[in-house]
Amino acid sequence: MVNYDGPLDKIYQYLFISAFFLLPLTVVGNNIAIWLAVLLWLFSGNYLSKLKQISANKLALASIFFFCLHPLSIIWSDDIAWGLEISRKMLPFLFVLPVFLTLTRRENAKFYVGAFLLAISITEVFSYLVWFEIIEPFKNATVMNPTPFMGHISYNPFIAFAIYLVVNRILAGDKLPLLERATYTFFILTMTVNMFITGGRAGQVMFLTSIIILAFQYFRNAQVKATIISLLLIFCIVVVAHNSSDLFAQRVTDGLSDIYSYETNKGSSIGQRITFFINSLELVKSSPLIGIGVGDFPSEYQKVNDIFSPEVPATVQPHNMYMLVLAQLGILGLLSLFLIFLIQYKIALACDDKIISNIGVALPLLFLIIMWSDSYLLGHFTGNLFILFSAFIYSNK
């Protein structure tokens, strides 16, 4: 058996904590911590025991199966180079998630989550410094959209999930000391404001959805009460945000305008996403069962786009995780993706730790929502957010 109490395990745990901390701050640092842990696992022996542990975790097997469909589909793809590139982006589902599921330890969850929240607080501080024009905008940030360490499309889901984690800790955990409760409450308020001074609409939807999830998790036996309270909270938050944040108000107005004027303005932000969705359906019709292959989406989409919407720029991915998987891998691929979320949900319900169980239910639900607006498992930040939290929530231990 693998020795989980030896020096190597301590190295793993430090690398995991580092990966959580570095995730919101640096792509390179986060990748180094993650892949160093994977390489140590690959070259540290005890392979039979390791394979048994992976095979004992249904989520690990589902993750491997989901990945394997990607390189397999290169067989019926024309563009092998692009197929290999997409398969490379999905490698965490082959190595990182299955390996980490065998190594992360639930008793260290407070260190993993604490490191992540500490990093979020750092990004939040810099976001406010840019917004108040105390420092010059840097990297991805502007004064109107202060998200320096990553684009707003990824940043707001991070903030939304961080808010969920802290509120869940307050509601589902043991009674907290007054100072700790006050600190968490202040953190929630500053993150909520930060949510609406940045422009990520998917993250804002994720945040509002998390309110509903938290209400139903807290009022488990009072669904009517949970519904009323969550809807009232959402209404109040949206009204306050709309009247106090020019950016949020403008993004709401622009979004509604994009929908109403779609037929005459398909090149708008939401208009493009609608067009991507419709055109991708044409690709699905051509090969519904196994898809067109991961290598051919850009070229095949270009052909469809030239016919149905030449005025809209083509894309290499439809900004919708479901349509991307369905077009590339067909119904089989989409079912393999849903299998991952179903297994997560079942494992979470069976967990006897209320805090972990709640997060385990919320994580797949929140990603199922935001993946309608982008391919969030394909990108580094949100993809690794999903992988790292899954690794200890649904761990063997």
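User: What makes up the secondary structure of the protein chain, helices or strands?
Analyst: In this predicted model, the protein chain has 17 helices and 0 strands.

User: How do you know that the radius of gyration of the protein chain agrees with a compact globule?
Analyst: A compact globule of 397 residues would have a radius of gyration near 21 Å. The protein chain has 21 Å, so the value agrees with the rule. Along the principal axes, its C-alpha atoms fill a box of roughly 60 × 55 × 45 Å.

User: Why is C351 called buried?
Analyst: Buried means under 20% relative accessible area. C351 has 13%, so C351 is buried. Of the 397 residues of the protein chain, 53% count as buried.

User: What makes C236 partly exposed?
Analyst: The partly exposed class lies between the buried cut-off of 20% and the exposed cut-off of 50%. C236 is at 44% relative accessibility, and therefore counts as partly exposed.

User: How many disulfides does a search of the whole structure find?
Analyst: The search finds 0 disulfides.

User: What share of the contacts between residues at least 6 apart in sequence joins residues at least 24 apart?
Analyst: In the protein chain, that share is 72%.

User: How much of the accessible surface belongs to carbon and sulfur atoms?
Analyst: The accessible surface of the protein chain comes to about 17,900 Å², and 70% of this area belongs to carbon and sulfur atoms.

Key: Residues numbered from 1 in each chain as written. Predicted model: local features only at pLDDT ≥ 70, side-chain atom pairs only at ≥ 80, totals over all residues. Heavy atoms only, no water. Helix = DSSP H or I, 4+ residues; strand = E, 2+ residues; numbered from the N terminus. Rg over C-alpha atoms; globule rule 2.2 N^0.38 Å. Buried < 20%, exposed > 50% of the residue type's maximum accessible area, 1.4 Å probe, protein only. Contact = heavy atoms within 4.5 Å. Areas by Shrake-Rupley, 256 points an atom, 1.4 Å probe, with all protein chains shown as cover. Disulfide = S-S within 2.5 Å.
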